[in-house]
Amino acid sequence: MQQKTITTDILDIAYLEYGTPDGWPCIMGHGFPYDVNAYAETAPIIAEAGARMLVPWLRGYGPTRFRFPQTLRSGEQAALGADLLAFMDALGITRAVVGGYDWGGRAACVVSALHPERVIALVSGNSYNIQNIARAMEPASPPEEAALWYQYLFHNERGRRALERNRRGFARQLWSMWSPTWAFDDTTFEKSAISFDNPDFVDVVIHSYRHRYALVAGDPAYAGIEAALAAQPPIRVPTIAIDGDSDGVNPGTAHHARKFEGFFERRVFARAGHNLPQERPAEWAQAVLDVRTAAARS
């Protein structure tokens with residue numbers, strides 16, 4: 001495993017690379033509030049199966065940096081998808097198996113929906129992760145609304161200050177609530193928590209959770225992508241979608257199946273919460289290998 005950095009028009013993207021440079025390309029993205037350590041056990045398994053396994057730090061996390069101070073610290077879904085595509089372009093990767101969960105899964109879904117020619121297959125935690133911003137003000141059930149308390153807190157300055165003043169405490173609270181069956185220790189948490197010290201972390205996070213409710217404008221550079229996503233495009237690449245049966249923030253996504261065309265399989269990891277690849281590394285790795293096989297057959 002090596003830590004490397006690649007430069008795009010907007011970012012210096014830091015990433016971990018496992019396996020050999022001539023392996024089949026596989027890119028996995030982490031979520032909020034996590035980092036590349038979510039794949040610390042999963043990545044070697046996939047690399048051992050012949051992959052060139054790449055795990056980037058998302059914008060606002062770890063050693064990834066914006067190149068210019070004037071760039072809007074956007075956390076919108078279009079920006080995440082654009083970053084993934086730019087990452088592939090910078091590395092000269094024409095097609096890859098892509099995937100992730102939470103923010104990283106959203107980026108993978110965006111690229112899969114809008115640029116299927118660049119995707120061999122998809123593994124997506126919580127299935128169809130593309131936000132329907134036009135319907136963001138439609139309420140969910142009371143239990144679902146209660147689980148989203150942190151998003152509503154981020155909508156005002158009290159939330160920004162809470163995150164800025166206690167990044168680790170905030171993240172640890174969410175880890176515990178979202179993965180109630182995962183007995184992570186202090187060392188495991190701190191390995192990821194270092195990534196939240198990124199100087200742009202708070203700005204990116206706050207923008208993300210305000211933009212998804214149409215409370216702030218997006219970066220004009222991504223307006224075309226957001227317009228395409230507003231149509232809620234289907235995903236046509238071979239996909240394995242995964243939920244945890246103990247996920248404290250997402251109650252399950254069986255109803256998302258209609259958003260996928262072609263090969264689609266949904267799996268539920270027993271006694272797993274939201275941080276699926278870190279809680280169930282072998283099962284996540286197997287899903288990656290299985291969907292690649294399915295793609296080859298189709």
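This is a predicted model: local features need pLDDT of at least 70, side-chain atom pairs count only at pLDDT 80 or more; totals for chains, interfaces and linings use all residues.

Reader: Which strands pair with β7, and in what sense?

Author: Strands (E, at least two residues) and helices (H or I, at least four) are DSSP runs numbered from the N terminus. Two strands pair if DSSP finds at least two bridges between them. Here β6 (residues 96–100) runs parallel to β7, joined by 5 bridges; Val-97 has Ala-121 of β7 as its bridge partner. Strand β8 (residues 239–244) also pairs with β7 in the parallel sense, over 4 bridges, with Val-123 opposite Ile-240.

Reader: What is the hand of the crossover from β6 to β7?

Author: Point the strands away from the viewer; a clockwise path from the first strand over the helix to the second is right-handed. The β-α-β crossover from β6 through helix α3 (residues 102–114) to β7 is right-handed.

Reader: How many residues of β7 and α3 are buried?

Author: Buried means under 20% relative accessible area, exposed over 50%, partly exposed in between (1.4 Å probe, protein chains only). In β7 (residues 119–125), 7 of 7 residues are buried; in α3, 12 of 13 are, including Trp-103 and Arg-106.

Reader: What covers the buried residues of α3?

Author: By contact (heavy atoms within 4.5 Å), the cover includes β3, α2, β6, β7, α9 and α10.

Methods. Residues are numbered from 1 along each chain as its sequence is written. Side-chain values use heavy atoms; hydrogens and water are left out.
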